[in-house]
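Work through the exercises below with the model open beside you. Try each task before reading its solution.

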Amino acid sequence: MRLAALLAALRPVLPLVLGLSLGCSLSLLRASWSQSGAEEQCLGAAGRPGPLGGAARPEAADGTGHEDFRPRIVPYYRDPNKPYKKVLRTRYIQTELGFHERLFVAVLTSKATLNTLAVAVNKTVAHHFPRLLYFTGLRSAKVPHGMVLVAHGDERPIWLMYETMNYIHQHFVSDYDWFYVMQDDTYAQAEQVKALVTHLSINQDVYLGRAEEFIGADEQARYCHGGFGYLISRSLLLKLHPHLDSCRNEILSVRPDEWLGRCIIDFLGITCVSQLQGQQYHTYELAKNTELEKEEEEEFQAALAVHPVSDVTLMYRLHKHFSRIQLDRAYQEIQDLQMQIRNLTSLTPAGEAGLTWPVGINAPFLPKSRFEVISWEYFTEQHLFSCPDGSPKCELSGANKADVSEIIESALEQLNSRYQPLLRFSKRQLLNGYRRFDPTRGMEYTLDLLLEAVTQKGHSHVLAKRVSLVRPLSKVEIIPMPYVTEATRVQLVLPLTVQDLDFVANFLDMFAMNTLDTHDNALLTLLFIYHPYDAQRVSQVDVFAGVKAMVGELEKRYAEVKIPWISVKTEVPSQVKLMDIVSKKHPVDTLFFLASVWTEINMEFLNRCRMNTISNWQVFFPVHFQEFNPALVYRGEQTASSSTDFLRDGHFDRHSFAEACFYNSDYMTARTKLAADILDRDEVLESMEVFDVFLHYSGLHLFRAVEPGLVQKYALRSCNPRLSEELYHRCVVSNLEGLASRSHLAMALFEQEQANST
């Protein structure tokens, strides 16, 4: 009884006792294993301790002993006795990592064929290659537009080849992996050449082309025929360059391609090959009076290069022929891929329902709320009912008209290709047209067409048919842009009139806080615009005396800062005339930011001004964010000031072109063209802005984009009626649209009606 009572009492704590006993036993057992492992070591070679199994442990390369080969942090130490040198980073990350561009193309031409065959090469294949230069001995007086030409000053063929190889090595050997040399009487399939170099290893010395035998030389020696083009690797060019001078002095030849081949063979021991690493360099020698349409030889269809091309017309015919071959090949690949997608769709979790139209194109965008719904634009053959200026109806013209015409023709072509020869369709009328841009797949169209269908027997019938079409997004292309930096100094130009005096203090405070306190590389120039009446009384009463006092206080606070001002007397403050005065007082490389008094300057926008403005390439016209009238938006309530309400109660004012970023050199160039056009009619300048000068008299890119970093408080602008009708109208519309949103205006009217009714 006592034992049973004892067991009954210990039963609740029995699991705890067993767990403690098991844990202590395992810990003691583990400790014994550790000690025995530390005491026992296996001996390796020469009696030294080594790892289990007798294998020797790795040693350091200098024989210092054992190494753990574990990563360790090396502390930075700089010798205080040595001067500090700033580390200069490369301009592009690919340069620092040692990446090279794929292919460089050199075209050998002459003064006689520069304006004929060389131009044909430039128009057919030049835009397919990433970089292409033309090399000639003597240049003509006028170089064709769009061609980068290098003239060596001597028409001798050997000298041209020697100087070309030297020039390529000096300027491009560190940037490209492959160099393709061709003549201007050669037609090369650019896409095939680019595909060829992607399948070749850059670690080998490659001399690839149409191999030809030397006359009276070793049968194993070959040179690449220059008429069919040849490919040289970067490693081969690096090894060849030290021997070019010796080749020029020692090797005698009439043909430049033979001279180059002999140079490579004699000094490097490398001969020309037509096949390498499983890739064949296909060529075709074109006979006289060849009819391209009847050439069905496989060798001709697969040729990478065709030679000789005797005239410009033949060059264009060859380009059309091979472009058609590539296009048919691309369509066939698309059909094969679509068939594979259809066959595999049944194996997916969604099954046949997951097959999208068109096959292989992304599915349409599915909005998650009503705010994400993409609206359709309605159009007919004459009018568009969604106009850029906001009007409900406008005439269909320009690119929109060309787009509608092309899509209707494409719809008819697709219908006829599907139903012929049973039916043949012709358009009578476009009943309804709808289009929208889907960012996930491209431009979508829905057309209601009134068609006339004609059978094989000649019977006709009129019917209405709805068709859907998609213009898919093509391959994304990265447009090369010149290099710019954020270290450029920005010269702010602020025009001021008497109506702007109430806002100057806030502008100067924001300028001091965001640029002077942060030591940003920005300067300010004020432009005081005096009315003729105020200019006469400036000695007694200066309307800008308060502003000048504020500038003096800033210069006292920041001793290293000088804020100059320019006084101008005019009744019509034309933006172009004012900019003419400022432009003459600054260097040509000055980056101007033409500001307004309501602008709140900040470092974020100034950096974007620097990055988006490129000398001799692009000017930047930001669209500022205009806040609404707080009296209408909040109606006596407290103004929201949290960060979540940023850019909420306002709109981007697309009617204003007051802010602009551009270089002085670009403005001077465009202004010179404008002066030659208007002659002495200065009154024309009153109807123009700086934007119009760049738009009509410069070939630069005009970058017009919304700028969230450029926020302006609400203010009622004064519109000068002496300006042109268009400028005055834009100013008035900007004021009206800047009052409040439609919902705010509707609420204000509703409250006013309620107040009147009571």
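**Exercise 1. What is the volume of the largest cavity, and which residues line it?**

Step 1. The largest cavity has a volume of about 50 Å³. A cavity is a set of points on a 1 Å grid over the protein atoms alone where a 1.4 Å probe fits but cannot get out. Points are joined across faces, edges and corners, and the volume is the space filled by probe spheres set on them.

Step 2. Count the cavities of 30 Å³ or more: there is 1.

Step 3. List the lining, meaning residues with an atom within 4 Å of a point. Gln626, Asp653, Tyr714, Ala715, Arg717, Ser734, Asn735 and Gly738 qualify.

Step 4. Sort the lining by class: 2 nonpolar, 4 polar and 2 charged. Here Ala, Val, Leu, Ile, Met, Phe, Trp, Tyr, Cys and Pro count as nonpolar, Asp, Glu, Lys and Arg as charged, and the others, Gly among them, as polar.

A note on the source: this is a predicted model, where local features need pLDDT of at least 70 and side-chain atom pairs count only at pLDDT 80 or more, while totals for chains, interfaces and linings use all residues. Residues are numbered from 1 along each chain as its sequence is written, and side-chain values use heavy atoms, with hydrogens and water left out.

**Exercise 2. Describe how H13 packs on H15.**

Step 1. Locate the helices: H13 covers residues 501–516 and H15 covers residues 545–557. Helices (H or I, at least four residues) and strands (E, at least two) are DSSP runs, numbered from the N terminus.

Step 2. Take the geometry. The angle is about 15° and the axes lie 10 Å apart. Axes are lines fitted to C-alpha atoms, for helices over the stretch in contact, and angles run from 0 to 180 degrees between N-to-C directions.

Step 3. Classify. H13 and H15 are therefore roughly parallel. Angles under 35 degrees count as roughly parallel, over 145 as roughly antiparallel, 65 to 115 as roughly perpendicular and the rest as oblique.

Step 4. Assign the hand. H13 crosses H15 in a right-handed sense. Right-handed means that the near helix is turned clockwise from the far one by less than a right angle; anticlockwise is left-handed.

Step 5. Find the contact (heavy atoms within 4.5 Å). H13 supplies Leu501, Val504, Ala505, Leu508 and Ala512; H15 supplies Val547, Met550, Leu554 and Arg557. The classes are 8 nonpolar, no polar and 1 charged.

**Exercise 3. Are H5 and H9 roughly parallel or oblique to each other?**

Step 1. H5 spans residues 157–172 and H9 spans residues 256–268. Their axes come within 8 Å and cross at roughly 50°.

Step 2. H5 and H9 are therefore oblique. The crossing is right-handed.

Step 3. Pro157, Ile158, Met161, Tyr162 and Met165 of H5 meet Pro256, Trp259 and Leu260 of H9. That contact has 8 nonpolar, no polar and no charged residues.

**Exercise 4. Which residues does each cis peptide bond join, and where is each proline?**

Step 1. Trp357 and Pro358 are joined by a cis peptide bond with omega about -10°. Pro358 sits in the loop between H11 and strand S14 (377–379).

Step 2. Gln420 and Pro421 are also joined in cis, with omega about 5°. Pro421 lies in the loop between helix H12 (398–419) and strand S17 (423–438).

**Exercise 5. What is the phi of His519, and where is this residue?**

Step 1. His519 has a positive phi of about 55°, although it is not a glycine.

Step 2. His519 belongs to the loop between H13 and strand S21 (522–530).

Technical notes:
1 Å grid on protein atoms, 1.4 Å probe; cavity = no way out; pocket = protein on both sides within 12 Å on 5 of 7 lines; lining within 4 Å.
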